[in-house]
Amino acid sequence: IPALCAVMRGSQKPQVLTLSDTVRMMCMATWVRQTAAVMLRMRVMKRWKKISLEHRESLKAVVLEAFRQESEHFVRHSLSQLSAVLVKHESPERWPALLTVLNQSTKSPNPQDRQVGLLLLSKVVESNPEAFRPHYRQLLQLFDTVLQDVNNPTAMYYCILTLTTLTAYAGVAEQNLMRSLLPKLTISIKHLIKVDQDQAGEAMEILDELMESEVSPIIVPHISEIVHFCLEIGADNSLNDSIRVKALSCIASLIRLKNKAVLKQKLLSPILQMVFPVLSAAPPPGQEDLEDQEQDMDNEGDVESPKHFAAQVIDTLALHMPPEKLFQHILPQVQVCLSSENPYQKKAGVVCLAMLAEGCAGYIRRKMLPFMLRTVCHSLSDTSQVVRSAGLLALGQFSEHLQPDVSNYCADVMPLLLRYLAGLNQTMTVHVSKAFYALENFMENLGAEIEPYLPTLMETMLGTLSNAENLRIKELVVSAIGAIASAAKKLLVPYFPAVIENLKGFLLDIRDEVRCLQTQSLDTLSVLARNVGKETFSPLAAECVHLGLNLTNSVDDPDLRRSTYSLFSAVSTVSPECLNPHLGSITTAIMLTMKSTEGVTAHLEEEKQFVLLDDEEDDDLNLEEEEDIEGNDRDVSEFSVENAYVDEKESACEALGEIAFNTGAAFLPFMESGFQEVFALHDFPHEDVRRASFTVMGQFCRTWHKIWKENPTQENHQVLQNTLSVVLPSLLEAVRKDRDHNVVIAALESMNGVLKACQEEALQSEAMLAEISHVIRDVFKSKTACQDVSEDEADDCQAEYEAILQEFAGEGIPLLASAVPADTFYPYLNELLPFIMNKTKSSCTVAQRSFSLGMLAEIAHSLGLVSGGRAVAGRLSSRLLPVMVSGVRDRDPEVRNNSVFGLGALAQAAGPLLTDYPMLLSLFSSLLVKESDRRVIDNICGALCRMITSNAQCVPLDQVFPALLSHLPLKKDLEENKTVFGCLAFLYNHNPSLIVNHLKAILSTASLVIRTEDLDADTRNTFLLLLRDVAQHHPQEFQGAVLSLPPKQKATLTAAVAHL
């Protein structure tokens, strides 16, 4: 006891407590027994290897005896935790007495004994679930009985906790038994709610485990029951917020993981009928919803409310449900809300529109944008600020997710936003922040369309920076200037000196109270570096690097470090040479962040209960023992990661990749260590960091490929191959096994980037070609971990989120086709084609038809670039041609456009093997007569040019060529200029009289584009050489054609030819 008291008083060197001392304390006062159990647990954790076998057996017997005799619940809890630590070292088979106690107590006729036994069972199973695997069936049979004991809620609670632990380890063998428990689970939790809502909320964790586990298919037949159970809880205003939030969160998880089953079992309507009343509920009298309160917004995300999670359910539905079916059910309820006079119902309707924007973006852009945008803009003039705030949120979401279509309404939206901003009371910083959110998101995507508003915007922003005293307002303005720069680019140059002058004052002020403004200024400086042009920003590049290094070294703040890494990355895009002398310091700082565990907290099991002596007990432990404890003996229940450190780590990873790529050979000393740190993050707990890791792994492959191309040594080639051999399998594993959609999309996008840059180098073995092809097939078949495979559904019943995933997978097919000989890829292409062609049916959505026909077109184009491609294209033409011809007749212009491009690419790839030229020429001729979409017309011109260059003898040039020239120059699809002018060069080489006879029309077209950015440099120079040759060999015709041009066009053409 004196030793214990000394420790509790915090003495510097307490007496050493022996094992026998601690055991004797179990017979003393309650608080002493409690403390003894905790102390003993800590000692066993730290010193197990030093405890003799005799003492181990004695200890196990003493603990079980103490547990039998103990009457106080919290002491029992500590003893059960002590038993759990022992089970980590002593398997149940080596501790038969434990199994006997568990068997007797959990089956005892005494309810109190059953509670105690199930408490002990929950702790020992949680500590070492694998060791209990031989007993799973026996345990599940026990749980079947316990879950029916509705008069003993505490026993049910511990039973459910144990079942939650087992669920993650259960397999197919336990499926039938677990299936029978599901109906009893929901009944048990309902009874728990009546007794202890906190315990009931914890028990509901089992639903998440069931959805995520290997036995998840067993819940599909019970999904209706689970959803209605959660809906009942979520809608009950008498329950506390935490359990209602848990219920809504379960519904969102079910939608995310079992969306097809939710849809098939007709649960969409019941879910919406519950969600809307929660979303539209008014706060108690005299109060406001959290998001409408004028308070520090940094704390807003820390509070979870049912209303917030109801909005998340809408967001999840939008992401994971087919938009056609979702809008059919949700739109009537939205319209009811919008027509109400109740401001909170109006707010719910507008918030719902905001939540739909990301997941249903394609559907909204095609069918709903005018209505939705008009509704949101109208909400900004509502008399209630809560409605206006919701409108600003929705407008920001539309601007982020509905591009480029929403920017077409610039003339209506920009004046509205500017008027709204001008009328705001700047002391209401929360509402002003929402207005800036909407303004920024809308502005940054406008491009040159921002020019008419630029003087007013910059006058307002610079004036506010000079006059405002509120730091938050200044921070918002600095951020807005970054958004303006993203759109305006070089148009911002006249304002650049004034902007930099203002930013300098904020960047150099290192006081803590202005840290947010300083950080935002760094972010805006990075945006300026990327957008105003190299010639404008390069003079500041070296100064920016020094500023970033000084801040990194002098200020310990994760947000500031994140911003400095972004600044280094931005500078590398305009002036990489400025970074070269400092790459050692920069990479050291970045890699320290990537290695750091700061902000990552491992929550130990003992943290959940009373813990004593963690810091001071056993000062004599050596380092080796400490490492062993951390590696093996600590019960880590979960990890948490602070957002600021997640953002810092993500930014560090991305910056390292971009700096490596832009500095190239100068980065060689840091390539190996940098790659190791990037790779180490591929299994990081937070999905944003994993996503960054997979993206940058691909970037490192592209960097090594660039270095090898610039310096093609055997050593560089070997390093490239070694890197590819690590990265590609890692990306493929992520696609198959990661459960987060965005991580999988990032892995697919990274893989596609590697294939595009490295081509055949990425596919040195056919085994890798097969692996990639099979992963693409698995995505199309919805067989990856992040896809719902519980139900078979028709292709046209698909969420846009799922479609996006398949689009990224599909983009890999033409990349594979362009990287290996066609005969090598043909078997895999033959297997993948049906998945794409099935989505060209008229019953599929416009997005599916457009994507699939675009992919077929890209595949045909790729076959035209590789050896053996002509033969394979000819072999496939009988399958592809009918599909593409049908697409040309589609109602949607984007589908027609992709089909026309595909026919041209197929004709070019197959050459003389394609025998349907008359049919195609007739098809294009009739389409030109009635087509109004300029992009489609441009692609018809491109397709005709491809047909001419690949098989001119099958084209009646005297009819086709004049028709082609009459539709030039191209107006929308300017990339096809390369094809058109390449065709003119081809014809001049093979049929010069044809070019000379139509020289006036050709020069008229050329004079309009020859000095613009519509032509790439190589195409421009090739065509100018053609014109010079025509001028030399046919001077009279050339001069006559030039003189026929209007003066401005004549001057442009003459100057271009003279310059060459």
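Over residues 32–69 the chain is 87% helix and 0% strand. The C-alpha atoms at the ends of this span are 15 Å apart. Helices (H or I, at least four residues) and strands (E, at least two) are DSSP runs, numbered from the N terminus. UniProt, in an unreviewed entry, places the feature "domain: Importin N-terminal" at residues 32–69. UniProt positions follow the numbering used here, feature names are shortened, and annotations may be inferred rather than shown by experiment.

The model is predicted: local features need pLDDT of at least 70, side-chain atom pairs count only at pLDDT 80 or more, and totals for chains, interfaces and linings use all residues. Residues are numbered from 1 along each chain as its sequence is written, and side-chain values use heavy atoms, with hydrogens and water left out.

Residues 727–766 are 75% helix and 0% strand. The end C-alpha atoms of residues 727–766 lie 16 Å apart. Residues 880–916 are 73% helix and 0% strand. For residues 880–916 the end C-alpha atoms are 12 Å apart.

Helix packing was examined for two pairs. Two packed helices are described by the angle between their axes and the distance between the axes. Axes are lines fitted to C-alpha atoms, for helices over the stretch in contact, and angles run from 0 to 180 degrees between N-to-C directions. Angles under 35 degrees count as roughly parallel, over 145 as roughly antiparallel, 65 to 115 as roughly perpendicular and the rest as oblique.

The crossing of helix 35 and helix 36 is left-handed. A crossing is left-handed if the near helix is turned anticlockwise from the far one by less than a right angle, and right-handed if clockwise. Helix 35 contributes Leu720, Leu724, Leu728, Leu731, Leu732, Ala734 and Val735 to the contact. Helix 36 contributes Val744, Ala747, Leu748, Ser750, Met751, Val754 and Cys758. Contact means heavy atoms within 4.5 Å. By class, the contact of helix 35 with helix 36 has 13 nonpolar, one polar and no charged residues. Here Ala, Val, Leu, Ile, Met, Phe, Trp, Tyr, Cys and Pro count as nonpolar, Asp, Glu, Lys and Arg as charged, and the others, Gly among them, as polar.

The second pair is helix 37 and helix 38 (residues 800–810), with axes that come within 9 Å. These axes cross at roughly 160°. Helix 37 and helix 38 are therefore roughly antiparallel to each other. The crossing of helix 37 and helix 38 is also left-handed. Ile776, Val779 and Phe780 of helix 37 meet Leu805, Gln806, Ala809 and Gly810 of helix 38. By class, this contact has five nonpolar, two polar and no charged residues.

Helix 37 spans residues 766–780 and includes Val775. Val775 is buried, at a relative accessible area of 0%. Buried means under 20% relative accessible area, exposed over 50%, partly exposed in between (1.4 Å probe, protein chains only). Beyond its neighbours within four places in sequence, Val775 is in contact with Leu732, Val735 and Arg736. Val775 and Leu540 are 235 residues apart in sequence, and their C-alpha atoms are 46 Å apart.

Leu528 is located in helix 27 (residues 515–531). Leu528 is buried, with 0% relative accessibility. Not counting residues up to four places away in sequence, Leu528 touches Ala485, Leu492, Phe496, Val499, Ile500, Leu503 and Phe537. Leu528 and Val493 are 35 residues apart in sequence and 9.8 Å apart in space, C-alpha to C-alpha.

Backbone geometry was also examined in the loops. Lys489 is not a glycine, yet has a positive phi of about 55°. Lys489 lies in the loop between helix 25 (471–488) and helix 26 (496–507). Lys489 is partly exposed, at 40% relative accessibility. Ser782, a residue other than glycine, has a positive phi near 55°. The loop between helix 37 and helix 38 holds Ser782. Ser782 is buried, with a relative accessible area of 7%.

Cis peptide bonds were found in loops too. One joins Gln403 and Pro404, with omega of about 0°. Pro404 sits in the loop between helix 21 (385–401) and helix 22 (410–422). Another joins Leu968 and Pro969, with omega of about 5°. Pro969 is in the loop between helix 46 (957–965) and helix 47 (977–990).
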